[in-house]
Amino acid sequence: MSTVEISGLVKNFGAFQALKSIDLSIGDGEFVVMVGPSGCGKSTLLRAIAGLEMPDDGMIMVGDRDVTFEEPADRGVAMVFQNYALYPHMTVAGNMGFGLKMAGIAKDAIADAVQRASDILSIGDHLHKQPKALSGGQKQRVAIGRAITRQPKVFLFDEPLSNLDAALRTRMRVELGRLHNELNATMIYVTHDQTEAMTMADRIVVLSSGAIEQVGSPRDLYNRPGNLFVAGFLGSPKMNVLQATLVSATDGELTASVAGLPDITRPLDVTEGRELAVGDKVLLGIRPEALGEGDISFNLKARVVENLGRETLIYGTPENFRSCDGDAEDGDIVVQYPRQYDAAAGQTLTVGMPLDAFYIFDSDGRTRSFAAAH
Amino acid sequence: MEQRRFKATSLVLYGFTGLWSLMVLIPIAYMIMAAFKTKRSMFIDPIGWPDALNWESFERAWGVGVGGFMINSVLVTFLSVVVIVIFSGMAAYALTRMPGRSGQIIYLLIVAGFAIPVQAVLVPVFQIMSGAGFLNSRLALVLPYAAYGIPFTVILFYAFFLDFPRELEEAARLDGCTRFQTFLRVILPLSGPAIASAAIFQSVFIWNEFILALLILTKPAFKTLPVGILELQGEFTSDWPAVMAGLTLATLPLLLIFVLAQKYFVRSLAGLGK
Amino acid sequence: MSQTSRPRSRSGNLAAEKLTYAAMLTPALLLLAVFVFIPVALVIYGSLFDFGLTSRDWTFVGLGNYVEAFGDDVFWIALRNNLIIVIGSIVLQVGFGTLLAAVLDRGVRLGRTLMRTIIFAPMVISSVAVGLIWLIILDPNVGPLNAVVKGVGLTPPKLGWLGDPSISIWVVLGIAAWQYTGFMMVLILAGLQAVPKDIYQAAALDGATGLRAFWYITLPSIRNILIVAILITTVGGFKVFDLIFVTTGGGPANSTQVLGTYIYLQAFNIGEMGFANAISVVLLLIAVGLGWLQLKTSRKA
């Protein structure tokens, strides 16, 4: 078990800056999930920690050891790959023990380590099979078992569940959580799936274009996103965003006016950032699930109704106002009811709107006011 | 009407391929048949069946040393193919994994080597071999055979290694393999199809290679089959059944292997078009 | 402090990697150097001298060997024969190979593998054996072909099939076709089998079936493979040696001489190594030119 300390890490691929000076501290036994759109650098960062990419600048410490230029095998890390990367010509046991074999460990000790790891994952029955005889879920279990066998200080996961079907993914998610508790190991996990990030992480690291946008606990990031990017990236469907103009910015309060809605007044939660003045363009954000009931109500002409059983998503055109961003098409908004809701496309519905559920973002995209907790 | 036309077309198509197959088959069948004929019946009735299954021609041909030629051929072919596969595999792997453009440049150089026919460098190759004292050495013959087999095999492996899943190699690195250990323990064991394809192609080529063997191996004891069976013709000036028996002995083994494993032969040689 | 030492360890890693790659490349490159690249240089260098098989004195003659070659009738006959074999082989081997492949691909079902195996089989027989088999079949005295021809009431060529200078090169061409058409067929068949079958169904709906489908669908979709087949045949046509060496030895009266056999004759029978080198350089230029063409077309494909 070990901490991981990353400072000033830079990686360029030719002219492309994959990582722009990353600083990140990961605590002993922490489960950190790195998310971000494809090309944001999350995989490059993971591979740099693994030693599969040589950074151009910066330092990586595992525990109190500088491993920046160590060989991957000498770093005390183990990695689970997206496509399992099991050696097809070795048995399951051979796969799991290969790292120890290369390290010159005695056969008996390897067999013990493999046995222990296979017990943890209950794959003992498969030890003598070839990987091609296993299902996708079993393969991924073996890949995880291979990592466990090496008893690494840090586990690295590169989108390990993305090749599994939905049901299996849910099961493996739970299992990985259990594993983390059981082994109490430091784990760094890369995914593009925000459900995985939200459910498993102690802390989430959101990356975008090679830089860290925000680091924090899942609930913190969801409730108090530091900027428009994080607010939009976490949550599905995305937050509805409206254009507004600041009409007052005094006494720690911001008031914004939106065409077609009453003025929105929220406390100024974040004082850092650009100077705010009356007349500034700002953005208002409201999550789909915050709509439904509230202080005021507005008419919504439903265009698409998605009944998901447990919840209902309604994409529609508001009568009085327009959105500028979100998952609905031009100007429309999304409303999420946490229940079944009888509605049909074309119908005009009355939707409630709590006025304290708005976030306010300044023109740099930085969050200045958070929504009230509901 | 349609039905009848369809049948007629089908008949023509079968006739065409069937006739060609027959045309290919008859000389091979004749070789075997003539081996059982006597010298006399060869002259009197060239197209008649042999009077009896007559193994004497085979004994005469064997007496010239067909068995020895065969051993030489097996030895030279086996060693050459092993050397070609190992050297080409290592080179192709290095070329696909080298950073920067140097890999591509060396690859082009090797591809250029593919264009050079041995006929065009016969004199200097003979000079080099005789200068090094390599005349009449079966082991030394392996060296030029390997050299001429390497470019094509490198091209074949190069394409295979480019498509090889990178994650497996990265897993091996994390498991503590060096580059060379990765090649030896992960890449090679998984390159079966490419190796088989290369080995088959090179085996056929080297088993039948003639011109270099003709230059380098002049002593009968060292000759490989292609130069050895030419000896038959000189040895038995008018003993055609013995020549045919020798040819049968020389060609039948590879023909049989081919028939049994034709799927792999065809796949290997058809890969040339890619 | 650590800032200055760490970049060094990074280059240390890279140097170790480079060393591994160099070590893996060395054996192959060494063999290629000794038996391909150095000989190419030697053949060009040696073409400027007069020297014999065992003689130690080399006389510098400049381009004299080339002048001699271009004034030599046999050189031109050899080059012409190579061209005959190239063009004839393209027509016979690629042409019939394509037809056979097309029929085996879509025309016939039953016995397809059997026929493919048979037609391909001569490819695994050495050219020496092929030459000897045909030498006997075509023999004027004991050959079965003459017996058959006489049997149906025709007269075989008086000097023998391979003994008549006016037809011998064509007979050799036929033997080569017997051996290699199956190879071309398999090559092209692999290309045909990669053509999705549904475009034939689409073509049938558009009214193109049978011969018209062959012309408008089959041929265009294997265009690249046909180019490769033609290039392989062309290169093979310039490299031909074994078959002629065994059947005719270049005769009668040099009528079947090709560059390969003429190089061998001049170098190892007559002992004109320098002259042989000059002809080799011509063959080399042709081969490299064709290789370059092959690379260019395969890049485009």
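Predicted model: local features only at pLDDT ≥ 70, side-chain atom pairs only at ≥ 80, totals over all residues.
## Annotated spans of chain B

Residues 105-129 of chain B are 76% helix and 0% strand, with end C-alpha atoms 29 Å apart.

## Interface between chains A and B

The interface brings 25 residues of chain A into contact with 15 residues of chain B. About 1700 Å² is buried between the two chains, and 61% of this area lies on carbon and sulfur atoms. On the chain A side, A:Tyr87, A:His89 and A:Met102 account for 30% of the area that chain A buries against chain B, more than any other three residues.

## Helix packing in chain A

Within chain A, helix 3 (residues 107-121) packs with helix 4 (residues 136-149) at an angle of about 135°, and their axes are 9 Å apart. Because angles over 145 degrees count as roughly antiparallel and those from 65 to 115 as roughly perpendicular, helix 3 of chain A is therefore oblique to helix 4 of chain A. The crossing of these two helices is right-handed.

Helix 3 of chain A contributes A:Ala113, A:Val114, A:Ala117, A:Ile120 and A:Leu121 to the contact, while helix 4 of chain A contributes A:Arg141, A:Ile144, A:Gly145, A:Ile148 and A:Thr149. By class, this contact comprises 7 nonpolar, 2 polar and 1 charged residues.

Notes: Residues numbered from 1 in each chain as written. Chains lettered and ligands numbered in written order. Heavy atoms only, no water. Axes fitted to C-alpha atoms, helices over the stretch in contact; angles between N-to-C directions. Helix = DSSP H or I, 4+ residues; strand = E, 2+ residues; numbered from the N terminus. Parallel < 35°, antiparallel > 145°, perpendicular 65-115°, else oblique. Left-handed = near helix turned anticlockwise from the far one by under 90°. Contact = heavy atoms within 4.5 Å. Nonpolar A, V, L, I, M, F, W, Y, C, P; charged D, E, K, R; others polar. Buried area = accessible area lost by both parts, 1.4 Å probe.
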